[in-house]
Amino acid sequence: MAIQSPSIDVGGGAAVRAIPASASRGYWESVRRRLRRDPVTVVCGVVLLLIVLSALTAPWLGLADPYKTSMIYRLKPIGTPRFLLGSDELGRDMLSRLIYGGRLSLFMGVTPVVCALLIGGLLGITAGFLGGRVNMLIMRIMDVFYAFPSVLLAISLSGAMGAGAENTLLALTLVFIPPICRVSESVTTQVRGFDFVDAAKASGAGTLTIVRVHVLGNVLGPILVYATSLISVAIILAAGLSFLGLGVKPPEPEWGLMLNTLRQAIYVNPVLAALPGVMIFITSICFNLMSDGLRAAMDVKA
Amino acid sequence: MLLYALRRLIYLVPVAFGVSLLVFALVHLAPGDAISAIVPPDAPQEVVDKLKEYYGFDKPLPIQYLRWLTVTLSGDFGTSIGTGRPVSEEVGGAFLNTIVLAISSCLLAFTLAIILGIAAAYAKSRVVDRLVTSIALVGVSVPHFWLAIVLVIIFSVELGWLPPMGLGPESATGWRLDLAHLRYMVLPTIALSMIPLGVMTRTVRSTIKEILNMEFVTALQAKGMNDRQILLHVLKNAAPTCLAVMGLQAGNLIGGSILIETVFSWPGTGFLLNSAIFRRDLPILQGTTLVLAFFFMVLNLAVDVIQTMVDPRIKRG
């Protein structure tokens with residue numbers, strides 16, 4: 001999380017921390033090269049890509065209708081003809097619902113982090129770069145949100161606003177703004193203290209130019225890495241809210257909601273009841289490993 | 001030392017003010033007004049107006065806030081709409097149950113994490129380190145409410161060893177420390193300890209690894225100390241960081257147990273919060289959130305103060 005010193009390793013490029021603006025293309029090039037050489041990250045990337053692609057192209061994959069119920073084929077086990085992964089409590093095709101479920105589950109997990117990254121990053125960089133009273137004001141407001149355990153904040157907010165996907169998105173975004181803001185602030189404050197910022201100021205560069213050219217390039221990496229580490233938390237939390245009945249409403253296919261509705265079936269068909277959770281687990285583990293790989297490749301200190 | 005604690009306490013005042021404002025706002029985030037949750041939809045307009053006046057909802061928001069704040073500060077959290085009992089009673093009872101579960105989960109998670117973390121940091125073989133890092137990864141990645149369901153499926157449905165829900169054989173009378181009640185705690189404790197286990201294992205491992213690379217460790221080795229003596233020095237230096245994360249995790253456990261409590265029907269604050277949300281029992285929602293947030297703040301303060309006491313490098317005053 002902390003940028004330590006503006007050291008530039010000429011030889012291997014392993015310790016590139018503060019890069020001059022002109023060298024940034026080489027930096028991203030080496031990040032990409034390091035990512036490609038990391039087998040764990042590559043595998044996780046492929047798995048995630050498969051989940052995302054299948055979710056996006058679900059209507060064209062020749063799957064059964066995820067909303068079509070059937071009174072006869074309820075809670076059929078895995079491997080039933082016509083129901084490859086069985087059927088749920090209303091006789092809907094599980095395979096189809098699991099793939100379609102990726103759409104909402106991923107969307108509900110990734111969107112809040114992206115929104116919080118934009119808002120929290122902007123607030124944090126502003127606070128860090130301007131310092132003084134602005135910093136005080138922004139960071140003290142964040143402290144208020146920090147006084148709540150994150151799960152409690154998410155549930156209280158979406159509980160008060162009422163169930164629904166939009167409210168969940170809003171609540172989760174609010175939950176993730178403070179941590180991203182705090183990281184952005186601390187990173188920016190450190191970069192601001194470097195000599196090259198003073199040098200740019202001395203040579204007459206305006207505030208916006210300094211931020212755009214000299215600060216952003218150095219803070220974006222750590223902020224981005226931190227934000228990706230939040231995605232798995234967000235996916236679990238979003239699924240958790242739907243599981244409680246606060247997020248997506250039935251009959252929409254969504255992994256957390258499916259876990260909830262299949263809970264009554266644990267005595268009839270336990271393996272089936274656990275399936276949606278496996279999808280959440282795989283997705284969140286892949287995002288966590290990707291984030292770790294990214295952190296290593298971008299040489300950001302945890 | 002005392003001065004530092006006092007200063008931190010004073011600093012808590014504006015934050016606490018902000019928290020109270022946010023909790024107050026919760027009611028006004030709710031669709032419709034708070035009255036519509038109490039009265040049947042076909043209630044005559046005069047009754048609604050009377051109730052609005054009674055609760056002070058006809059006043060402007062700042063006045064409503066001040067009124068609510070003074071009443072709440074005097075310990076009166078209002079009356080539950082669902083049960084008609086005082087909110088403080090409902091939340092108090094539930095809070096104890098949550099604390100019981102949190103303590104057992106913390107004990108399990110932190111003990112395991114410290115052992116695993118130290119083992120991984122000291123491990124000569126990569127296998128041990130890999131294994132521990134994998135356990136930690138599973139801990140932070142697994143959707144814990146799903147794990148709770150899987151545990152119920154395995155140990156209650158399939159094997160029939162442990163009860164699937166409730167807090168004890170006669171759940172109405174509250175929690176007691178005996179074997180019958182402990183049986184009900186096993187599964188929720190395991191499920192709830194997953195996240196802190198993962199986070200703490202990572203923290204302990206990386207902190208100790210970092211310290212082992214420091215020069216003073218080499219110096220101690222050069223002086224002829226054996227590994228066990230050095231470990232004591234290492235632990236002393238790792239303690240402040242680990243304590244800080246532990247405090248945060250313990251707080252998150254208490255505030256974040258809602259999913260696990262719902263799966264196991266454990267009558268704690270999370271379970272209360274969940275049922276309050278679906279009964280639209282806003283006083284309970286407000287009261288529970290406020291109590292948990294204040295507990296979290298005080299816990300953070302305590303951890304901060306303890307951290308300075310433990311860490312010889314930090315001198316604040």
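Which residues have the most contacts inside the largest nonpolar core? I began there, noting that this is a predicted model, in which local features need pLDDT of at least 70, side-chain atom pairs count only at pLDDT 80 or more, and totals for chains, interfaces and linings use all residues. Residues are numbered from 1 along each chain as its sequence is written, while chains are lettered from A and ligands numbered from 1 in the order in which they are written.

I found 145 residues in the largest nonpolar core, and those with the most contacts inside it are Ala154(A), Phe176(A), Ile180(A), Ala234(A), Leu237(A), Ala148(B) and Ile149(B). The largest share of this core, 19 residues, is supplied by α8(A). Such a core is a set of buried Ala, Val, Leu, Ile, Met, Phe, Trp, Tyr and Cys residues joined through C-beta atoms within 7 Å, and buried requires 20 or more other C-beta atoms within 10 Å of the residue's own, with C-beta atoms placed from the backbone.

I then looked up Ala148(B), which, leaving aside neighbours within four places in sequence, is in contact (C-beta atoms, placed from the backbone, within 7 Å) with Ala191(B), Ile260(B), Val263(B) and Phe264(B).

For the contact between the chains, I noted 41 residues from chain B and 36 residues from chain A. By class, the side of chain B that touches chain A has 30 nonpolar, ten polar and one charged residues.

Lastly I checked confidence: chain A averages a pLDDT (the predictor's confidence in each residue, from 0 to 100) of 83, and 91% of the residues score at least 70. Over residues 1-16 of chain A the pLDDT is below 50.

Definitions and conventions:
Contact = placed C-beta atoms within 7 Å. Nonpolar A, V, L, I, M, F, W, Y, C, P; charged D, E, K, R; others polar. Buried ≥ 20, exposed ≤ 12 C-beta atoms within 10 Å, placed from the backbone. Helix = DSSP H or I, 4+ residues; strand = E, 2+ residues; numbered from the N terminus.
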